[in-house]
Amino acid sequence: HSFRGALDGQGRLSAWEEHLVTFTADGENPVAGGALNADEFPAPLLPNVHITQTMLPLGTRCGPWRAPGDCTKAFAVQCFLHELAVTARRDHRDFLLEILGEPRWLAPQTDRALNTGRAIGVINLATEKAGWGRKLPKGRALGLAFHFCHAGHVAQVAEVSVSKDKRITVHRVTVACDFGPLVNLSGAEHQVLGAVCDGLSTMMSLEVTFEGGRIAQRNFGDYKQLRIANAPHVDAYFIESDFPPTGAGEPAFPPVAPAICNAIYTASGHRVRTLPLSREGFSI
């Protein structure tokens with residue numbers, strides 16, 4: 001991902017440029033989850049936007065991954081938005097809310113279209129429940145991220161501490177979701193808790209590499225999942241709106257990485273631009 005953004009004299013986002021290098025197996029279409037759409041947040045809300053993508057040939061077979069496409073785009077977009085907020089010397093929550101503007105449904109009666117009112121609702125709920133703005137010890141901070149995908153609006157606040165040797169502790173993740181009416185509250189809660197643990201596990205150290213044309217990781221000794229002792233406490237809150245319901249299994253996954261990485265920056269001054277975190281010297 002490559003980004004450029006412009007800020008006006010009041011520190012508001014006024015222009016957005018984004019380029020994605022992705023892959024194609026047939027020369028015409030991106031691989032599963034590899035497309036960049038023109039209506040990705042925050043593009044539809046800005047007056048000046050330029051979005052492009054380049055597709056490179058790929059011989060390795062690809063399939064969908066949890067929250068296809070959004071699982072990677074949310075990290076890049078939401079971390080860059082945080083960079084812009086820091087550059088503008090603005091509170092990250094206020095910066096996002098200003099981009100969203102007045103409550104409106106960008107394509108009424110289309111459940112896959114962003115509803116800024118619902119987005120504002122989950123951002124306000126997550127930051128309220130997490131105690132956004134409260135004073136924390138040195139080396140400990142809150143990080144915020146919002147993402148809309150699979151018809152679900154989700155905001156997350158991660159409370160993270162970073163030691164001098166780059167060991168991180170994710171103490172708590174506060175999640176606010178608007179999936180529409182809930183049929184099974186327990187099921188929705190467990191999907192959100194699982195998404196947070198899955199997201200942290202993935203962003204921390206999981207990657208597949210190739211040696212001599214073969215996958216190097218043979219089992220879980222080489223592909224180390226998050227252990228129970230490192231799992232964060234997760235608080236899940238839901239706004240049961242009257243909009244058409246959607247699934248809870250995917251929308252809560254994409255905001256995990258940017259929320260944690262934004263907290264890492266605030267706590268340590270280190271801006272994460274590469275995942276997994278182990279590549280940048282972090283451990284858990």
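Okay, a definition to start: a residue is buried under 20% relative accessible area, exposed over 50%, and partly exposed in between, using a 1.4 Å probe and protein chains only. By that rule cysteine 197, at 26% relative accessibility, is partly exposed.

Quick background. This is a predicted model, where local features need pLDDT of at least 70, side-chain atom pairs count only at pLDDT 80 or more, and totals for chains, interfaces and linings use all residues. Residues are numbered from 1 along each chain as its sequence is written, and side-chain values use heavy atoms, leaving out hydrogens and water.

Back to the cysteines. A disulfide is a covalent bond between the sulfur atoms of two cysteines; here the cut-off is a pair of cysteine sulfur atoms within 2.5 Å. Cysteine 261 is buried, with a relative accessible area of 1%. Its closest cysteine sulfur, in cysteine 79, sits 4.9 Å off, which is too far for a bond.

Now the sheet. Strands (E, at least two residues) and helices (H or I, at least four) are DSSP runs, numbered from the N terminus, and two strands pair if DSSP finds at least two bridges between them. Four strands make an open sheet with mixed pairing, in the order β4-β5-β6-β9. Valine 160 stands opposite valine 170 in β6.

Helices next. Contact means heavy atoms within 4.5 Å; angles run from 0 to 180 degrees between N-to-C directions, with axes fitted to C-alpha atoms, for helices over the stretch in contact. Helix α3 (residues 116-130) packs on the sheet, touching β4, β5, β6 and β9, and its direction makes about 30° with that of β5. Helix α5 (residues 256-268) lies across β4, β5 and β6, at about 155° to β4.

One loop to look at: histidine 150 is between β4 and β5. Alanine 248 is 98 residues from histidine 150 in sequence, but 9.0 Å in space, C-alpha to C-alpha. Leaving aside neighbours within four places in sequence, the contacts of histidine 150 include Arg112 and Glu250.

Last stop, threonine 22, in strand β2 (residues 13-24). At 4% relative accessibility, threonine 22 is buried.
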